[in-house]
Amino acid sequence: MLNHPSLDLMTSGSMDSMLAGEKFTNDKQCELVFGNGSKICSYMPPCARLWCSWENEMSGCKTQHMPWADGTECQEGHWCQKGQCVPIDRTALKPQNGGWSAWSSFNECSRTCGGGIQARTRECDSPKPKNGGKFCTGLRIEYRPCNTQPCPSWRYNFREEQCHEMDGQNFDVPSLEPNVRWTPKYGTPVADQCKLLCRVQDKSLYFMLKEKVIDGTPCTFPEDSFDMCINGQCRKAGCDYVLNSDAKLDQCGVCRGDNSTCRPVTGRLNLGKQNNLRRVSSDGPMEFRIPEGATSINIINTGYMKDACYLSVMSGNEIIFNDPKHLTPHTSRHRLFAGVRLEYTVTSSEERITSTFGRPLKEKLTVRVVQKKHVELHKGFVDYSYMVPVHPFGNTLSNAIYSKVEPDPYDLPHHTHHSHYSGNSVHRLLPTVAPTPESPYRWELAPWTECDQQCTGKKRRTAICVDAEAQQQVSPDYCNQSVKPQDEFESCNTECHFYWEPGRTECSSACGEGTKKIEYKCVRSYSQTQRKEHVDDAMCYGSTKPVNIRETCMGPCMNATWLYSQWNKCSVTCGEGQRAYALQCMLKNVSVNAALCGARPAPDVMTCTMPPCDQKPNQSMKNVNYQPTAEPSPVPRGQWRAYSYSNCSAECDGGFKKRLVRCLSETGQTLDERYCPHPKPVTQINCANVRCPSWNFGTWSKCNDECIRSRQVLCQDHRGKESDQCSTELKPPAVESCCSFKWRVTCAGSCDAEGRRKPNVICKRLYPKSIDNPHPLRTGRKVDPKYCANARMPTPAKLKKKCSKPCPFRWVPGNWSECSVGCGTGRTVRNVTCTNGRTIMPKACNAMLKPPNTKVCEALTHCRWRISKPNKCNCKGKQNRTVKCYDEKMKVESNRCSESTRPSKTASCQKPPGCRTALRNRHHEPVYRNCNDARRKHKTDGEYMMHVNGTKAKIYCHGMATDTPTEYLSLPAGPTENYAIYINRRAADANKCENSQRDWADSSISYGATHYRKIRINVSTLQVHTNDFRFTNSSGKKQPFGSAGDCYSNTGRCPQGDFAINLKGTPFRIRPHTSWEKSGVHAVIKFLVPLQQPYQKVRALCGGYCGSCSVSRRTNLYLELI
């Protein structure tokens, strides 16, 4: 094998253009694969697989599943190419360079606000490179920003939301609590910036929970940079969220701004004994506020003294830096808060607080100077500066310095001020409580769905959220989820049912023992009329089809023959008599009933002569032997007649075929075989000299959660095709148990009142003992207790004996107290004691392991909106009022009230006298060309009458307050008739088209259901934008309009994905020539409601393994006026 070949058959000059199959015949290819003497198997199909045999091909062939070499002749004028027998065409072998396809439409935006990413792709398949052609050059994926509008104020940023989605998942890490809470890990290396690294809350321990963050997530602190992660890589971006952009914020927080939209606010607070402040109390603290919207904050305290004179920063009741009630070490640190990153730095005599450049503050801050009583302060001052937006009327937000009596930071009254350094006047607002209006949203049950089966099925109806005032369906988010009614189910189509009915074939043997084949067919039976009919086998998918079997039978014997014996004795002893042949009905040399031989042939009789009856024999004649005189015996002459061969006695492993060969006379009567010439024709030949079908099986799958693993078991014949002729009794198991569940007792639980450990019974999954797993109890994994439902529970005596050792001293935390605030972020406390269950000894426990006795808490129980006294009524019949969020428990202002319950800032009122009444001329409703045309007179979203190809039609305009409004068509049929669903369910056996309780949900599939209330259209071309999801309700991944799919079955017969379009109630219809295309493995589309007159409805089921369907890119989805 190491010797260099003496002749290289593949590289001689004239042979360069020849293919391998032209150089080596198919027999030579067999010898190269299986050795000398191997030949091509003549009865196997060409090209697809190289099947080879030895000596006698009837003894079987084998293959290594490789195709014939390209260029091998498969029939006259044809050769093999990539496993196919095609006409010879050398021009098809020329290299072809690849070309890009058209760009796909952009996918769904990765974020709903704050700057997301959309991607579109193209493939190198127009044409595909082949025969050594070059691949396409350029980008395959293109990105663009989307939803760049700022996110509403919320507690978490986008990376925090992704970490908090993992709350309560400890990934079976022993050191993590089951209810662990996750927070982002910042300050990671550049290579790890786009991985989801999350830290255990209040600890330094962190883990990588996902390989990639969602596209659009900021690479670092979101308050520091606009660079974002895309496909796991950090990409440069500007403040306009455009990739590779150099756009930056100005100091006012405006992208690409010129610093003209804000003005600076500065101030100084003297810390000496004399101060020009007018104090409410001589010992009250001094503080000032930084308003919402401020940017570029810079605060310096030159009179800093540790624990004696320092700055405390708070927002409402939340302490940002330096809590006066709970002194902490004053060290440099930072805090992400309200859209900015606040930096706190401290030296021996100075402290400084700054914010991120250009980022606007989303909540008000209060900065308080905390001074310890009876401490002599040296001279110093607090300088502060920040930028505030310029008011539309030329004013800016002002700031006031004031002092107050109450030193408690959790009980801060709110003041208003109007001018910078002007009077320092204090005004207290008197709040008024507005009654909470009753919600107009409620749950109603939707109409029943169609029956899911043609016989003995179920139908369902679910609860939908309805706006009682508008009488229309809205998003489920508006309704109270805690009172949502359960889905209702009802039986349907109960008048019939499906079942398997056996049928038998004729006996395989014409005479004697044989076999009958029992085949099962699907039958639909109607119980009332007793009528039944054969239907497609797919209708019986709810029950397992019985295996076709064979049973023994006895065939009627139709091959019996008449046999002539020797002549009988003469009928007389003297004189003349008669003698004849004896006839017997014979079958396989055994005399049988004469009825089996049919009609008896005419008898052959001859005369015979005996001695005269009147003559007495004398003595001399006694020794004479008289023989009757007779005529010569007639000798019948016959000819062989051969009939057709019977079926082979076996289907494989060698059998035989028989035929009937009879000796017949000229009149057609059956004669004995001795009357026909010899040799007798062959009555039996061999047949079925091929291997019988046998069971073949694949490798075992991984052990699943139920301790079950499976493999594919197929019955295959000698050609590798699936067969049903294997014995079911010899079938290898396709499913087996691979582990077990047992209750295990641990003593890691809490301790009882006597200081002894409480036993903790857990369910464990144990794998069998092996060389790789010598200690099953150690490697067992804790699982849900439901898996041990059938296992034997340990007895109480065993539990007590197992945990008999006394408990050691340990930290025992008590229950958390009520949150200190009623609306917003506060703190809660608890008692933590060191005990062994009997005595308390604080020094016996490790102080470093003591659980925290205080933590931050979030409360929303006392959040209420308050409405101030409204202003005077204007001539439009409206009056403005101030709406603020209050914490009813703490009696202070908050910012945690739900925006969905915020009362309106305006209220209707009686117009004051003297207002001029505008004359309204009656006129017809205006008609516009498009929404941009309607925007000249209207600034609100809604339905407008438009000219569409010369016909008036109602079109919904969205974004009328922007420069680019868009047109939508409302769907009166509603979201229950306009949807796109991609199913995530997989069949337990992908090779069968049948539902099973073992079907499972695959969360890795990009599944989802999207219900459409409106669709976006182009009013000029009437093309539908299938990827617009603005007016939809979705669960899972959003699905394009008119698409569906699944990964359910590999059979291509039972799609589960579903889509529907219903334009009923609109003046439009679907363009009649619209088509749908399939994609994926074994994809199939089955139309339940085909696209036909009046072309307003269509519904189909789509799926494969995985497979989907969507509107054809050739036709797209266009509408027409009816």
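Reader: Let's start with Asn493. Is Asn493 buried, partly exposed or exposed?
Author: Asn493 counts as partly exposed, at 27% relative accessibility. Buried means under 20% relative accessible area, exposed means over 50%, and partly exposed is in between, using a 1.4 Å probe and protein chains only.

Reader: What am I looking at, and how are things counted?
Author: This is a predicted model: local features need pLDDT of at least 70, side-chain atom pairs count only at pLDDT 80 or more, and totals for chains, interfaces and linings use all residues. Residues are numbered from 1 along each chain as its sequence is written, and side-chain values use heavy atoms, with hydrogens and water left out.

Reader: Back to Asn493. Where is Asn493 found?
Author: In the loop between β28 (488–492) and β29 (496–504). Strands are DSSP runs of E with at least two residues, helices are runs of H or I with at least four, and both are numbered from the N terminus.

Reader: What is phi of Asn493 near?
Author: Near 50°. That is a positive value in a residue other than glycine. Asn147 also has a positive phi, near 45°. Asn147 sits in the loop between β7 and α3 (158–164). Asn147 is partly exposed, with a relative accessible area of 30%.

Reader: New topic. How many disulfides are there?
Author: The count comes to 31. A disulfide here is a pair of cysteine sulfur atoms within 2.5 Å.

Reader: Give me one. Which residue does Cys109 form a disulfide with?
Author: Cys146, with the sulfur atoms 1.9 Å apart. The link is right-handed, with 90° about the S-S bond.

Reader: What does the pair of Cys109 and Cys146 tie together?
Author: Parts that are 37 residues apart in sequence, because Cys109 lies in the loop between β5 (84–87) and β6 (116–121) while Cys146 is in strand β7 (residues 141–146).

Reader: Are they buried or exposed?
Author: Cys109 counts as buried at 16% relative accessibility. Cys146 counts as buried at 8%.

Reader: Another one, please. Which residue is joined to Cys648?
Author: Cys687, with S to S at 1.9 Å. The torsion about the S-S bond is about 90°, so this disulfide is right-handed. Cys648 is in the loop between β38 (639–642) and β39 (655–658), and Cys687 is in strand β41 (residues 684–687), 39 residues apart. Cys648 is partly exposed, with a relative accessible area of 26%. Cys687 counts as buried, at 10%.

Reader: β41 again: which proline lies in the loop between β40 (661–664) and β41?
Author: Pro679. The peptide bond from His678 to Pro679 is cis, with omega near 10°. A cis peptide bond also joins Gln1093 and Pro1094, where omega is about 0°. Pro1094 is in the loop between β72 (1084–1089) and β73.

Reader: Now the inside. Which residues of the largest nonpolar core touch the most other members?
Author: Ile1015, Ile1017, Phe1059, Ile1061 and Leu1119, out of 36 residues. A nonpolar core is a set of buried Ala, Val, Leu, Ile, Met, Phe, Trp, Tyr and Cys residues joined through side-chain atoms within 4.5 Å. A second, separate core of 32 residues includes Ile299, Val313, Ala338 and Val388.

Reader: What does Phe1059 touch?
Author: Not counting residues up to four places away in sequence, its contacts include Tyr979, Trp1076, Val1098, Cys1102 and Cys1109. Contact means heavy atoms within 4.5 Å.

Reader: What about those two cysteines?
Author: Cys1102 and Cys1109 form a disulfide, sulfur atoms 1.9 Å apart. The torsion about that S-S bond is about 75°, so the link is right-handed. Cys1102 is buried at 0% relative accessibility, and Cys1109 is buried at 2%.

Reader: Last one, a sheet. What is the order of the open sheet of three strands?
Author: β3-β4-β5, with antiparallel pairing. Two strands pair if DSSP finds at least two bridges between them. β3 (73–75) and β5 stand at the edges with a single partner strand each, so one side of each has no neighbour in the sheet. Strand β4 (residues 78–81) and β5 pair over four bridges. His78 has Pro87 in β5 as its bridge partner.
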